[in-house]
Amino acid sequence: MTDVEFANIVYNSQTGEKVVIPFTPEEVADTLSRRAAFAQEQAAREAAQEAAKAEQVALEEKATTKPVNEEKLLASLPDDDLREIIINLWARVAYLEKRLGIDHSAKG
Amino acid sequence: MAQFKITVYDASGVQKTSATVSSLPTTSLTGTLQAAQFPALTGDVTTSAGSLATAYAGVVPVAKGGTHADLSATGGVYQVLKQLTSGGDVSVGLPGSALLNTFTTFSGSAALTISSISQVFQDLEVTLLIRSGTAAATDTLYVQFGAGSLDTTAANYTSYDIIHFGASGSVTQSALENFGSVAQLKIAALGNTTPSNDVSLIVLRIPRYSSADAQKQIIGMSTGLYQGSAGGLWQGGQAGVWRNTDAIQQIKLTLLSGGNFASGCAYSVRGLAA
């Protein structure tokens, strides 16, 4: 911490005179509050960026993963309703991939 | 002192008691003209007969190397001589622009104020080189204004900005009215990460800053390299209104992060006659 950290350096534009005016207690409190808030926001921002990166990595990994064993997966589901929902979802995904020209055949 | 006697005769050989010498060959008279013999002069340079003291009558015209202006009644801070038309009279007035403050460096404090800004110009251009001391890719510069005292009324500030990040990055925009608990305009600034020793450039233009009859419109531009590569370049446009009719005599700068200004920060101020 320097001796002017919590201070306002005032330069006189016409004379070039420089005056250091220490912060009032309120200004010091405001500055510390800003620092705390900024650090908190930055941490949240970095956490969000890390989460986004992790999500992206997961999506990329999923895109390169071999297709699941559909029969095995369906058999593991607890009831027929859920099995029907999953089958419909797969059908919709297949339809969309076809419309979008997405081809998984080259992937292992 | 050597003296010479000149006797004048007329054409018939009669000596004249008084005579006027109207013309003499240039080689006929030599020596020094005495003060009492100095003739009266008229025209641009005048003198009374018998006096060696001369004076220039009126102002010296441009054609004779003068200004055709009475400079004893003009002049003032930042004023210069200028000739607005070819061969025209030279006048005294403000230049089109003048550097009020050459780049002045500052660092180590959480606030900077440029005070006692000259009021003789119409427009103000403030150039800022800013790097926040806070370890973050970017920070935000807050700008406040004041006449005799700083205006800390939040309702008197409105700020709007559009910032484009990176070569193909995102565009963010925000509009701030009564922003936060402290009144300010908001301008993007570089944080204290890579690249080291870099600063962001911010230019503020404030038309009619010295007027006392209208609110002040501020337009700003900022750019910075926050990742050390072209992909980390931002460019921003900021607009703001200071809802106060006072003349701007001081400008205070702080950072959103509350951090100190890092080494390399500097400001310069230019006045424009507009």
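A salt bridge is taken here as a side-chain nitrogen of Lys or Arg within 4 Å of a carboxyl oxygen of Asp or Glu. By this rule, one salt bridge is found across the interface of chain B and chain A in the predicted model. The pair consists of Glu27(A) and Lys252(B), with the closest N and O atoms 3.5 Å apart. Over all chains, the structure holds eight salt bridges. Lys252(B) belongs to strand β15 of chain B and Glu27(A) to helix α1 (residues 25-64) of chain A, so the pair joins two chains. Side chains of opposite charge can pair when their charged atoms come close.

The contact between the chains draws 35 residues from chain B and 19 residues from chain A. About 2,000 Å² is buried between chain B and chain A, and carbon and sulfur atoms account for 47% of this area. Polar contacts across the interface of chain B and chain A number 21 residue pairs, counted with both residues at pLDDT 80 or more. On the side of chain B that touches chain A, at least two residues each are supplied by β5 (97-105), β6 (111-115), β8 (138-146) and β15 (250-255) of chain B. The largest share of this side, five residues, is provided by β6(B). By class, the side of chain B that touches chain A comprises 14 nonpolar, 19 polar and two charged residues.

Strand pairing also links the two chains. Strand β1 (residues 7-12) of chain A runs parallel to β6(B), and the two pair over five bridges. Within this pairing, Val10(A) has Thr113(B) of β6(B) as its bridge partner.

Confidence values were examined for the complex and for chain B. The predictor assigns the complex an ipTM of 0.76 and a pTM of 0.73. Chain B has a mean pLDDT of 86, with 90% of its residues at 70 or more. Among the elements of chain B, the lowest mean pLDDT (76) is that of strand β10 (residues 171-177), and the highest (97) is that of strand β16 (residues 266-272).

Notes. Residues are numbered from 1 along each chain as its sequence is written. Chains are lettered from A and ligands numbered from 1 in the order in which they are written. Side-chain values use heavy atoms; hydrogens and water are left out. Contact means heavy atoms within 4.5 Å. Buried area is the accessible area (1.4 Å probe) that two parts lose on being put together, summed over both. A polar contact is a pair of N or O atoms within 3.5 Å; within protein, one must be able to donate a hydrogen and the other to accept it, and residues adjacent in sequence count only if both atoms are side-chain atoms. Helices (H or I, at least four residues) and strands (E, at least two) are DSSP runs, numbered from the N terminus. Ala, Val, Leu, Ile, Met, Phe, Trp, Tyr, Cys and Pro count as nonpolar, Asp, Glu, Lys and Arg as charged, and the others, Gly among them, as polar. Two strands pair if DSSP finds at least two bridges between them. pLDDT is the predictor's confidence in each residue, from 0 to 100.
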